[in-house]
Amino acid sequence: TIILGDSINLQGPVGSYNYQWFLGDTQIGSNQIITESPIETIQYNLIVTDTNGCSSEDSTIVYVHSYTFNLDQDSSICYGNDITIAGPPDMALYYWYTVNDSISSDSNIIVSPIASTKYFLQVTDTIGASAMDSVIINVLPIPVDTIISTDIVIDLGDSTILLGPSG
């Protein structure tokens with residue numbers, strides 16, 4: 001098993017042989033050792049022929065491990081509130097950061113940004129594969145709650161109109 005993006009050396013037997021490495025029906029090499037970087041799990045076949053013309057065939061499967069994940073969709077919170085952003089469970093390493101700051105190595109973070117912020121998470125699973133995703137937390141302004149009116153005096157039993165902000 002290799003991690004997506006890594007290489008592997010495949011080696012035939014030592015000796016005075018003619019080597020033919022194949023992927024399916026396509027020959028990909030003629031050396032004793034070939035170096036491959038497959039992007040998916042795949043079977044390699046090797047035909048070895050000795051100086052007498054006798055042949056033998058063997059195969060090996062190279063398993064390719066990759067990891068991806070998705071954080072929740074972008075969210076909005078009101079100014080002054082907080083939100084929990086959860087990473088995937090059971091990772092070996094977590095690294096939360098923004099463009100400007102390193103934040104945490106915990107699986108989940110609680111944030112209360114004062115402005116809309118993009119949070120990045122890079123994780124490494126227990127086999128060593130890494131993946132990254134990001135989420136934007138938008139911060140909504142607090143509504144203005146002042147009453148628009150000049151000070152007035154009214155008599156008991158009378159009424160007046162109070163206006164709030166428009167919009």
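## Strand β15 and its neighbours

Strand β9 (residues 75-78) runs parallel to β15, and the two pair over four bridges; here strands are DSSP runs of E, at least two residues, numbered from the N terminus, and two strands pair if DSSP finds at least two bridges between them. Within that pairing, Ser 75 sits opposite Ile 137 of β15. This is a predicted model, with local features needing pLDDT of at least 70, side-chain atom pairs counting only at pLDDT 80 or more, and totals for chains, interfaces and linings using all residues. Residues are numbered from 1 along each chain as its sequence is written, and side-chain values use heavy atoms, leaving out hydrogens and water.

β15 also pairs with β14 (residues 117-124), this time antiparallel and over eight bridges. Gln 122 faces Met 132 of β15 there. The hairpin joining β14 and β15 has five residues between the strands, and Gly 128 takes a positive phi near 115 degrees.

## A four-stranded sheet

Elsewhere, an open antiparallel sheet has the order β4-β3-β6-β7. β4 (26-29) and β7 (55-62) are the edges with a single partner strand each, so one side of each has no neighbour in the sheet. β3 (residues 18-23) pairs with β4 in the antiparallel sense over three bridges, and Phe 22 has Gln 27 in β4 as its bridge partner.
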